[in-house]
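This report describes a pocket and a set of aromatic pairs. The sequence and the structure are shown first.

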Amino acid sequence: MPAVTVENPLTLPRVIAPKDAEARPVLAVTTAPSGFEGEGFPVRRAFAGINYKYLDPFIMMDQMGEIDYAAGEPKGTPWHPHRGFETVTYLIDGTFVHQDSNGGGGTITNGDTQWMTAGSGLLHIEAPPESLVQSGGLFHGLQLWVNLPAADKMKDPRYQDIRGGEVQLLTTPDGGALLRVIAGELDGHSGPGITHTPITMVHATIRPGAEITLPWRKDFNGLAYVLAGRGTVGTDHRPVELGQTAVFGSGSSLTVRADGSQDSHTPDLEVVLLGGRPLREPMAHYGPFVMNTREELQQAFDDFQKGRLGTIPAVHGM
């Protein structure tokens with residue numbers, strides 16, 4: 001990690017918050033509990049225990065791995081339905097194959113992002129390719145769920161396959177950080193992800209002892225999840241480490257700093273920064289369905305049970 005990098009960050013555009021920016025305070029730091037997803041691959045539940053008013057429009061996020069599989073061990077998910085939101089699968093290391101009941105799908109690998117708008121609904125499967133199952137290997141990524149506005153929940157499903165080389169790469173004035181803008185905008189620089197709900201998603205690699213203070217939209221919330229390493233968040237330097245999420249309060253800039261010393265396995269601080277404009281709409285969420293009312297949620301279950309979200313292909317090629 002990371003999959004997408006550059007030899008000299010100082011060749012990249014540089015960003016920094018203006019001097020008069022209002023620093024966002026850190027409201028809380030939470031630790032993600034560990035669990036298992038799908039057929040049994042390990043995850044950290046990044047947003048567990050955080051009040052939804054600080055997450056909106058994000059619903060959940062799992063860190064998948066980091067795990068170095070032995071031969072025969074790689075696992076995926078069985079066929080499952082979705083309706084009413086978007087799934088963002090960001091693969092840092094490894095390979096995943098995905099397919100849906102509408103005939104869509106593809107392969108994502110080191111640094112790629114698969115952005116699936118479930119919308120009105122579909123059936124979906126994600127699994128490692130047979131070559132990875134046979135050989136084993138490193139697997140590490142994130143899956144983020146982004147809520148859809150009520151007006152967009154029943155839109156037709158769509159995919160965006162974002163290759164690692166398409167993300168917008170930026171740095172800080174001293175070149176101490178590499179910023180990968182996957183979606184949204186940072187200081188006028190836009191990432192390739194197209195979203196129904198306005199958000200910003202950035203993967204930052206921060207060198208030991210370096211600090212980033214980035215401009216952040218005042219109408220967005222602010223979250224920082226630590227993928228690897230140790231550091232601090234906010235101007236009061238609250239400690240954070242692997243598996244912890246920092247929740248920021250209001251303001252127009254956020255600050256993250258890497259500790260001067262990291263371990264040999266994780267030479268840098270790796271952080272995912274998220275911000276979005278809250279929808280402030282009622283939410284009815286259960287399992288793979290995210291709707292606005294209990295009636296809509298029940299309709300989603302009924303449609304799934306009656307095959308209206310699609311059927312599993314006889315040969316899915318996984």
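A residue counts as buried when its relative accessible area is under 20%, as exposed when that value is over 50%, and as partly exposed in between. The model discussed here is predicted. Phe-289 has a relative accessibility of 1%, so this residue is buried. Phe-301, at 23% relative accessibility, is therefore partly exposed.

**Aromatic pairs**

The structure contains six aromatic pairs. In one of them, the ring centres of Tyr-69 and Phe-139 are 6.4 Å apart and the planes stand at 35°, so this pair is tilted. Because Tyr-69 belongs to strand 4 and Phe-139 to strand 11, the pair ties together parts that are 70 residues apart in sequence. Both Tyr-69 and Phe-139 are buried. Another pair, Phe-289 with Phe-301, is edge-to-face. This pair links strand 26 (residues 289-291), which holds Phe-289, to helix 3 (residues 294-305), which holds Phe-301; the two residues are twelve residues apart. Phe-289 and Phe-301 also belong to one aromatic cluster together with Tyr-286 and Phe-304.

| Pair | Centre to centre | Angle between planes | Geometry |
|---|---|---|---|
| Tyr-69 and Phe-139 | 6.4 Å | 35° | tilted |
| Phe-289 and Phe-301 | 4.9 Å | 75° | edge-to-face |

**The largest pocket**

The largest pocket holds about 300 Å³ of space. Its lining consists of 17 residues, and Glu-37, Thr-77, His-80, Gln-143 and Trp-145 lie nearest the centre. By class, nine of the lining residues are nonpolar, five are polar and three are charged. Strand 4 (58-69), strand 5 (77-82) and strand 11 (137-147) each contribute at least two residues to this lining. Strand 5 gives the most, with six residues.

Conventions:
Residues are numbered from 1 along each chain as its sequence is written. This is a predicted model: local features need pLDDT of at least 70, side-chain atom pairs count only at pLDDT 80 or more; totals for chains, interfaces and linings use all residues. Side-chain values use heavy atoms; hydrogens and water are left out. On a 1 Å grid over the protein atoms alone, a cavity is a set of points where a 1.4 Å probe fits but cannot get out, and a pocket is an open set with protein on both sides within 12 Å along at least five of seven lines; lining residues have an atom within 4 Å of a point. Grid points are joined across faces, edges and corners, and a volume is the space filled by probe spheres set on the points. Helices (H or I, at least four residues) and strands (E, at least two) are DSSP runs, numbered from the N terminus. Ala, Val, Leu, Ile, Met, Phe, Trp, Tyr, Cys and Pro count as nonpolar, Asp, Glu, Lys and Arg as charged, and the others, Gly among them, as polar. Rings of Phe, Tyr and Trp (its six-membered ring) pair if their centres lie within 6.5 Å; planes under 30 degrees apart count as stacked, over 60 as edge-to-face and the rest as tilted. Buried means under 20% relative accessible area, exposed over 50%, partly exposed in between (1.4 Å probe, protein chains only).
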